[in-house]
Amino acid sequence: MERTGFEPFGEQLMSATDAQPKSRASKLLLRVGTGLFWSLVAGIVLARAAFFEPGVYDGFSRVASLAKSLIF
């Protein structure tokens, strides 16, 4: 007899086999989408590393110190 899982409010939980794509096209689409997502993440991280300028946020620290001096 198969054991069925339920969440605290009584909804039946999907098993791991139900969540897997069933057709070859959906598996391919899942892999392409995942690959596209992670390649965009890597591209953004590399672009941020390439164009990073340490002095960009110096203006914010000046404003924060001015606000601190006004409050205290």
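Mentor: Start with helix α3. It has 14 residues and reaches 20 Å from its first C-alpha to its last, close to the 20 Å expected at 1.5 Å a residue. The expected span is 1.5 Å times one less than the number of residues. Helices are DSSP runs of H or I, at least four residues, and strands are runs of E, at least two, numbered from the N terminus.

Mentor: Two cautions. This is a predicted model: local features need pLDDT of at least 70, side-chain atom pairs count only at pLDDT 80 or more, and totals for chains, interfaces and linings use all residues. Residues are numbered from 1 along each chain as its sequence is written, and side-chain values use heavy atoms, leaving out hydrogens and water.

Trainee: How many helices and strands are there in the protein?

Mentor: There are 3 helices and 0 strands. The order from the N terminus is α-α-α.

Trainee: What is the count of buried residues in α3?

Mentor: Buried means under 20% relative accessible area, exposed over 50%, partly exposed in between (1.4 Å probe, protein chains only). In α3 the count is 0, so the helix is hardly covered. Across the 72 residues of the protein, buried ones make up 0%.

Trainee: How is a pair of aromatic rings described?

Mentor: By the distance of the centres and the angle of the planes. Rings of Phe, Tyr and Trp (its six-membered ring) pair if their centres lie within 6.5 Å; planes under 30 degrees apart are stacked, over 60 edge-to-face, the rest tilted. The count here is 1 aromatic pair. Phe37 and Trp38 form it, edge-to-face, at 4.9 Å centre to centre with 75 degrees between the planes. Phe37 is partly exposed at 46% relative accessible area. Trp38, at 53%, counts as exposed.
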